[in-house]
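Please read it alongside the sequence and the coordinates.

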Amino acid sequence: IRTANLMSLKQLVLRQNSITPRGLMYLQEAFLGGAFPALVELDLRENEWGDLGLEVLIDMMQRKCFYTTTHLRLQANGISDAGFSKLVRILQSTQGERMPYIESINLEGNPISGKVKRQFRPLPPYLSI
């Protein structure tokens, strides 16, 4: 990815592109290389990368890749109860430190059970499930 062309990119839509966890690792490399310093919205809907892909995204959060990102669209990616639980624990433990501007993380359409959703109430207000 040529970073010079992406410096002012605000929205990146990668919806329905059959992105795998490995593909997310390539995206992580681009973020770590400074490719998206102004990105506001990352749309990864409907790629079915599951909990393994979510692990990559959690690592990206911990490495502060999403410092300017306000919207993460993660709908319909096969994220299970286990992946959701890990994500919520990370979000609750950092209390916005890693993503200070986050306004929404959308996880709708993932097979997350009502039992697990209730276990973590109250959920962060920016989390949609």
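Helix 1 covers residues 21-32, and its 12 residues reach 16 Å from the first C-alpha to the last, close to the 16 Å expected at 1.5 Å a residue. The expected span of a helix is 1.5 Å times one less than its number of residues. Helices (H or I, at least four residues) and strands (E, at least two) are DSSP runs, numbered from the N terminus.

This is a predicted model, in which local features need pLDDT of at least 70 and side-chain atom pairs count only at pLDDT 80 or more, while totals for chains, interfaces and linings use all residues. Residues are numbered from 1 along each chain as its sequence is written, and side-chain values use heavy atoms, with hydrogens and water left out.

**Helix 1 and its surroundings**

Leu24, Leu27, Gln28, Ala30 and Phe31 are the buried residues of helix 1. Viewed down the helix axis, these buried residues fall within an arc of 160 degrees, so they line one face of helix 1; the arc is that of the directions from the axis to the C-beta atoms. An α-helix has 3.6 residues a turn, so residues three or four places apart point the same way. Arg22 and Glu29 are exposed on the face of helix 1 turned away from its buried side. Buried means under 20% relative accessible area, exposed over 50%, and partly exposed in between (1.4 Å probe, protein chains only).

The buried residues of helix 1 pack against strand 1 (11-13), strand 2 (41-43) and helix 2 (50-62). Contact here means heavy atoms within 4.5 Å. Just after helix 1, Gly34 takes a positive phi of about 85 degrees.

**Helix 2**

The 13 residues of helix 2 should span 18 Å at 1.5 Å a residue, and the end C-alpha atoms are 19 Å apart, which agrees. Buried residues of helix 2 include Gly50, Leu54, Ile58 and Met61. The buried residues of helix 2 pack against helix 1, strand 3 and helix 3 (81-94).

Leu52 is also found in helix 2, but at 63% relative accessibility Leu52 counts as exposed. Leu52 and Thr94 are 42 residues apart in sequence and 21 Å apart in space, C-alpha to C-alpha.

| Helix | Residues | End-to-end C-alpha distance |
|---|---|---|
| Helix 1 | 12 residues | 16 Å |
| Helix 2 | 13 residues | 19 Å |

An open sheet of 5 strands has the order 1-2-3-4-5, with parallel pairing. Strand 1 and strand 5 (127-128) are the edge strands, each pairing on one side only. Two strands pair if DSSP finds at least two bridges between them. Strand 3 (residues 71-73) and strand 4 (residues 104-106) run parallel and are joined by 3 bridges. His71 has Ser104 of strand 4 as its bridge partner.

**The whole chain**

The secondary structure comes to 4 helices and 5 strands, running β-α-β-α-β-α-β-α-β from the N terminus. The radius of gyration is 14 Å, close to the 14 Å that the globule rule gives for 129 residues, so the protein is as compact as a globular protein of that length. That radius is taken over C-alpha atoms, and the rule is 2.2 Å times the number of residues to the power 0.38. Along its principal axes the C-alpha trace spans about 45 × 30 × 20 Å.

Of the 129 residues, 47% count as buried. Among contacts between residues at least 6 apart in sequence, 84% join residues at least 24 apart.
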